[in-house]
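Trainee: I would like to learn how to read the local features of a model with some care. Could we take them one at a time, with the general idea before the case?

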Amino acid sequence: MTTIRREVLTLPAAPLGPDNPLPPLRPLDEAHRIDDRDRADLPRDMARQVDYAPLRSLLPAQVCDGYDRKRAPSGLDALVIENDRLRATVLTALGGRIASLHHKPTDRELLYVNPVLQPANFALNGAWFSGGIEWNIGATGHTTLSCSPVHAARVPAPDGGQMLRLWEWERLRDLPFQVDLWLPDGSDFLYVGARIRNPHERPVPTYWWSNIAVPEDRRVLAPADEAWHFGYERRLRRVPVPEYDGTDRTYPLNSTYAADYFYEVPDDRRRWIAALDADGHGLVQTSTDLLRGRKLFVWGTGPGGRRWQEWLTEPGTGGYCEIQAGLVRTQLEHVKLEAESEVSWLEAYGPLDASPDGDWHTVLRRAEDRLAAALPRADVDAAYDAWRPYADTEPGERLATGSGWGALEVLRAGWKLPGTPFDEDTLGAPQRPWLHLLRAGSLPEPEHHEPPGGTLVARPWRDMLETTAATPLAEYHLGVAQWHGDDRAQAVRSWERGLKSAVDRWPLLRCLAVADQEDGHRERAADRYAEAFDDLCARRTGAAEGHEGWAAVAAALGREAIGALLAVGRTVDARTVWERLDAATRARGRFRLAEGELLAAEGLHEEARAVFDENFEVADLREGADSIGLLWARLDDAPLPARYDFRMWPGGE
């Protein structure tokens, strides 16, 4: 019979650290934008969905960038669901990621299992890690829940056994979702029932891709003769499958540069994707037809792709690629979820044995025949129909607790969400001031000059902020909500009003500095950043100094201030900010890079070049970022050293 049990997974892990306390006001740094030259050739539905409600802001989420690269053995709480054939290990504190899917009769691991937990800057909000199966909801990119806890509980399964239910509130689009995992007795396939609900009285954009990491020494099969190729040069073009540009791209190691291949699966074909090794063994994922998209992501064999592979794990542990499944053709699109409606589907994951070699259509036919024998298409549809009545079943034993944001939204709106309870006892410190606003009509002042915390920006919360007492804290949060709503002039007025009577001026000054930067007023932005950092340092005294958030605040604000001051040539002021940072902050890789930039701006090129000799590591280097290479090019004509080469495409500098 299927069992669900707790387990502790021990592996080298870098701690996540605190979130960035500054609200993410700048436009989203999104690499997945289409060049306008390619829009005219898109199918009509794809073009409509590419233009539909792309994410412009991370708010209300905060950036998770407090991690480093110092790994130590750590115990990760896991839930294991298994039958006599399969064992799935789920990390509920890390987005519900399936870290391992082990096929017991053959003693084979079906996924790429990362031997370490190393956060890196790939999620929409920063911290993400590679390996396993992840559930991406929200908007184009890796979910903001990549390194966040989700709720989990036992639930009755359609076959009389038990399911593992995962659920959470996705904050970017304000939508609850669930993932139900179960293993029928004797099944070689893990079933996954997924549902996204829109409780609002208006349509809401949504997005879903299941990302499956597998070893890259595979051939990837999907029932398609064409794919949409998308690379880091941001061009989207239709290409043939399997050969493109004279090379069979269904072998991940045949590509030089990182790229996405979104397969054009015909409407009448079964939805599936597989990755098979040279002996014909591997993983297959299939689903009901609603989950129409299939994709291959490759890192490529170029120096940048290999460096990223090392960066995300340990050198010598082998690389990976991703096979994926989503609601639409590409990850550049979003789907309209109508008011008070839901969308659901079923996926299945299991072993597949079929020869990967030979003519493309022959290989596909063989693989489809083996899949049909192992798990007929009709059985997947029947499993979905059997699961649907159980999707609303109330959970039994609670196995893990996620965030309190869903509970706060349910309290505010009075929604009934059968099957995914967001109970009041899950409310925690982040929700406490907003619960006070909801119930008492006011925001409590933080103690000991603490940072103001995250801001809720949805229209109902903005309305409450507009009617509460106009304290500096309320004006700060109201301005953030107005900025998110693209009412920037009103946001600036709110921040300026709050500044008139604020004791802690730095949060408001920083917001006004960002507004100045966005409007092109770089000198005034630099002035405000300098004043904000001075005010912050003045507040870091006495009881406030011991607050754990102060180091994160000083690092975040100092980093932005140095950049703003250097942008207008104020190297002396930038140096003053640098010297007031604590030694531990200055030693971090991100700040070693900032020191190099500062030294270069001061004309001390040899000293700046010497920083590179110390092998600094920018733990939160963004996917596709070229800041290291740009600084190197200013200091040295030699090729960029391999340890600093993260370029993802030709001419990436």
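Trainee: Where is the place of Asp-174?

Mentor: Helices (H or I, at least four residues) and strands (E, at least two) are DSSP runs, numbered from the N terminus, and on that basis Asp-174 belongs to the loop between strand S10 (162-170) and strand S11 (175-182). Before going further, note that this is a predicted model, in which local features need pLDDT of at least 70 and side-chain atom pairs count only at pLDDT 80 or more, while totals for chains, interfaces and linings use all residues. Residues are numbered from 1 along each chain as its sequence is written, and side-chain values use heavy atoms, with hydrogens and water left out.

Trainee: Is Asp-174 buried or exposed, and with which residues is Asp-174 in contact?

Mentor: Buried means under 20% relative accessible area, exposed over 50%, and partly exposed in between (1.4 Å probe, protein chains only). Asp-174 counts as buried because its relative accessible area is 12%. Contact means heavy atoms within 4.5 Å, and once neighbours within four places in sequence are left aside, Asp-174 is in contact with Trp-169, His-200, Glu-409 and Ala-458. The C-alpha atoms of Asp-174 and Pro-199, 25 residues apart along the chain, are separated by 9.1 Å.

Trainee: What should I look for in the backbone?

Mentor: Most residues other than glycine have a negative phi, and most peptide bonds are trans. Asp-174, although not a glycine, has a positive phi of about 60°, and Glu-340 has a positive phi near 50°. Glu-340 lies in the loop between strand S25 (335-337) and S26, and is classed as exposed because its relative accessible area is 57%. As for the peptide bonds, the one from Leu-59 to Pro-60 is cis, with omega near 10°, and Pro-60 is found in the loop between helix H1 (44-51) and strand S2 (72-82). A cis peptide bond also joins Val-241 and Pro-242, with omega about 10°.

Trainee: Which strands pair with S14?

Mentor: Two strands pair if DSSP finds at least two bridges between them. Strand S8 (residues 133-137) and S14 pair in the antiparallel sense over five bridges, with Asn-211 in S14 as the bridge partner of Glu-134. S14 is also joined by seven bridges to strand S24 (residues 320-326), again in an antiparallel arrangement, where Val-214 has Cys-321 as its bridge partner. Eight of the eight residues of S14 (residues 208-215) are buried, so this strand is largely enclosed by the rest of the structure.

Trainee: How many bridges join S22 to S21, and how many join S22 to S26?

Mentor: Strand S21 (residues 272-276) runs antiparallel to S22 and is joined to S22 by five bridges, while seven bridges join S22 to strand S26 (residues 341-353), also antiparallel. Leu-276 has Gly-282 in S22 as its bridge partner, and Thr-286 stands opposite Ala-348 in S26. The hairpin of S21 and S22 has four residues between the strands, and Gly-280 there takes a positive phi near 90°.

Trainee: How is a pair of aromatic rings described?

Mentor: A pair of aromatic rings is described by the distance of the centres and the angle of the planes. Rings of Phe, Tyr and Trp (its six-membered ring) pair if their centres lie within 6.5 Å; planes under 30 degrees apart count as stacked, over 60 as edge-to-face and the rest as tilted. The structure holds 25 aromatic pairs. Among them is the tilted pair of Phe-122 and Trp-128, at 5.3 Å centre to centre with 45° between the planes, and both of these residues are buried.

Trainee: Which charged end sits over the ring of Trp-311?

Mentor: A charge sits over a ring if NZ of Lys or CZ of Arg is within 6 Å of the ring centre and within 35 degrees of the ring normal. The charged end of Arg-69 sits over the ring of Trp-311, 3.6 Å from its centre, and that of Arg-97 sits over the ring of Phe-129, 3.9 Å from its centre.

Trainee: How many disulfides does a search of the whole structure find?

Mentor: A disulfide is a pair of cysteine sulfur atoms within 2.5 Å, and the search finds zero. The sulfur of Cys-147 is 6.1 Å from the closest cysteine sulfur, in Cys-64, which is too far for a bond.
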